[in-house]
Every structure is written in C-alpha cells, then in structure tokens.
Amino acid sequence: MHHSDTSLVPDSIQTKADFWRHVHGQLASLLDGQRDWVTNLANASSLVYNALLAFPAFGNGSSAVNWCGFYLDSSVFPAPKLSSPRAAALPEGQHRLLLGPFCGKPACQFINTTPGKARGVCADAFLARRTVRVSDVNAYPGHIACDGETNSEIVVPLVLQVGGSAVPLGVLDLDCLAVGGFDEEDQVGLDRIADLVVGACDW
Ligand code: SME
C-alpha cells in the first residue's frame, strides 16, 4: 500500500463510529516503526485531515473540515543546535504553544498559555487538560480566529503520563466550516487518536 492510501475511506464505511475506528487503525499502521514526533505529527495531521475530507459527513463543500493540526508547548521544541542559540527564549513564568505540523491554510504561530493571560480554545483545552468542543466559534469568549471562514472547532489535549504524573504536551486542533461540525462521536474518536499519537512518539 502507498503511504497516501492510508487516508482513503472505503465506501463500506458509513457511520462515524466505523469511520473513527478505521482512521485509528490506519494511523496505527502508518506510525508503526517511527518514533520521531515531527514525522508522526506531520503524518497524523495529513491522514486525519484527508480521511475527513474523503468522508461525506466532513468533505461536503460548506460543511468541510478546513484545518487539522497540532500546537505544542514551546518546551517540547528542541533549542537550535547548528545556528544561533535560541534567540527568543521566553521570560521566566511565560508559556506558549507553538504551531506544529498541520494541514490547511496558514495559522497563528503562537498561543499564549501563561495563566492569567491565556486566551482561546487551544489554550483552554491545554490548561484544563480536557477536550473542548465549540459548536459556534463566534459565540466562544476569547476564540482566536485564524481563518474567518471557520465556524466550529474541537481541541483535544495531548497528555503524556510519566511516572504517575500527567505532562501536557500540546493539543490537536480541528476546524470546520459548518456550525456544529463536531459531535460526541467525533470527540470520542479524536480523544483516541490523540492518545495514539502521544503513545507513538518519543518526547
Ligand atoms: N481557534 C484557535 C486558534 C488556532 S486555529 O483555529 C488553527 C483558538 O482559539 O485557540
């Protein structure tokens, strides 16, 4: 099978439950044997995005998914080794998410997660360590609009369990052109995808 074929969705898959089971299985195969987070997050965003667009519930013109990708806590990004030392180290006590691998149009590079200054759906999901599903982004206080065409959004935290403690790594974020684009079944499916991605990489 070509790597690109992992994002195909057979016509026999009709329900969302079957769709998310299929995507989970395809992603598990695609990530098998590779532990680098840059590589795996890039392939994960592409597989999920393209599979969604190939599934009628999400690929239809005005109700299509229009962004799928990752934001990562800046501490996860390694410091430069070959050129200048990290020029833009954050002042003590400040935190932010950086744009990671994604599919879709260009998006905001930074999301402030400093407690008291944080804003937006990604920061809220990251800080609370819980999935946030937003039916209408225009009614969500603090929503950061990277694309004015987006109407709904779901953000799933990436949390690594290390020696009994939970370390938040970042978030998986999806946007949709339709209001109410994501439902409870999508949330269950994406929570499982986020767990798979976290467990498939070395951090
Ligand atoms: N809407 C997000 C920002 C990221 S973009 O949707 C890709 C937020 O409010 O955090």
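**Cavities and ligand**

The structure holds 2 cavities of 30 Å³ or more. This is a predicted model, in which local features need pLDDT of at least 70 and side-chain atom pairs count only at pLDDT 80 or more, while totals for chains, interfaces and linings use all residues. Residues are numbered from 1 along each chain as its sequence is written, and side-chain values use heavy atoms, with hydrogens and water left out. A cavity is a set of points, on a 1 Å grid over the protein atoms alone, where a 1.4 Å probe fits but cannot get out; its lining residues have an atom within 4 Å of a point. Volume is the space filled by probe spheres set on the points, which are joined across faces, edges and corners.

The largest cavity has a volume of about 130 Å³. Its lining comprises 16 residues, and His143, Ile144, Cys146, Glu153 and Asp173 lie nearest its centre.

The ligand sits in the largest cavity, meaning that more than half of its atoms lie within 2 Å of the cavity's grid points. Around the ligand are 13 residues, each with a heavy atom within 4 Å of it; the closest are Val121, Cys122, Ile144, Glu153 and Asp175.

Polar contacts are pairs of N or O atoms within 3.5 Å. A ligand nitrogen atom is 2.7 Å from a polar backbone atom of Ile144. For the side chain of Glu153, an N or O atom is 3.0 Å from a nitrogen atom of the ligand. An oxygen atom of the ligand is 2.9 Å from an N or O atom in the Asp175 side chain.

Note on methods. 1 Å grid on protein atoms, 1.4 Å probe; cavity = no way out; pocket = protein on both sides within 12 Å on 5 of 7 lines; lining within 4 Å. Polar contact = N/O pair within 3.5 Å; in protein donor to acceptor, adjacent residues only side chain to side chain.
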